[in-house]
Amino acid sequence: MSEPEKLPTPPTKSSRAIVYVFAGLILWALIIAFGAFQTPASTDYRRPLIVIAVMGFFLGVWWWALRAKRIKSQSNA
């Protein structure tokens, strides 16, 4: 016999909050990147790219950790 298909669960409040935090951090990084480009000392295009790359790396590691935790908790259930 086959196992019944698992229906996708609707997003919980905590997962929605994580999406809002991610969106806020992306917006914050874009504002900082814009400010880094607009400094009177230098308008070097590499400065905002560094800001965006570092924030992207941070969010990527955080997303990976959250995903690994979710997969581990689902396999234990």
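Helix 1 passes helix 2 in a right-handed crossing, a crossing being right-handed if the near helix is turned clockwise from the far one by less than a right angle. The model is predicted: local features need pLDDT of at least 70, side-chain atom pairs count only at pLDDT 80 or more, and totals for chains, interfaces and linings use all residues. Residues are numbered from 1 along each chain as its sequence is written, and side-chain values use heavy atoms, with hydrogens and water left out.

Helix 1 spans residues 13–37 and helix 2 spans residues 46–76. Helices are DSSP runs (H or I, at least four residues), numbered from the N terminus. The two pack at an angle of about 165 degrees, with axes 7 Å apart. Axes are lines fitted to C-alpha atoms over the stretch in contact, and angles run from 0 to 180 degrees between N-to-C directions. Helix 1 and helix 2 are therefore roughly antiparallel (an angle over 145 degrees).

Contact means heavy atoms within 4.5 Å. On helix 1, the contact residues include Ile-18, Val-21, Phe-22, Leu-25 and Trp-28. Helix 2 contributes, among them, Arg-47, Pro-48, Val-51, Trp-62 and Trp-63. By class, this contact has 21 nonpolar, no polar and one charged residues. Ala, Val, Leu, Ile, Met, Phe, Trp, Tyr, Cys and Pro count as nonpolar, Asp, Glu, Lys and Arg as charged, and the others, Gly among them, as polar.

Helix 1 has 25 residues and reaches 36 Å from first C-alpha to last, close to the 36 Å expected. Expected span is 1.5 Å times one less than the number of residues. Helix 2 has 31 residues and reaches 45 Å, close to the 45 Å expected.

Phe-22, Leu-25, Ala-29, Ala-33 and Ala-36 of helix 1 are buried (under 20% relative accessible area, 1.4 Å probe, protein chains only). They pack against helix 2. In helix 2, Pro-48, Met-55 and Leu-59 are buried, and these pack against helix 1.

Trp-62 lies in helix 2. At 28% relative accessibility, Trp-62 counts as partly exposed (between 20% and 50%). Trp-62 touches Val-21, Phe-22 and Leu-25, not counting residues up to four places away in sequence. Trp-62 and Phe-22 are 40 residues apart in sequence and 9.6 Å apart in space, C-alpha to C-alpha.

Notes. Parallel < 35°, antiparallel > 145°, perpendicular 65-115°, else oblique.
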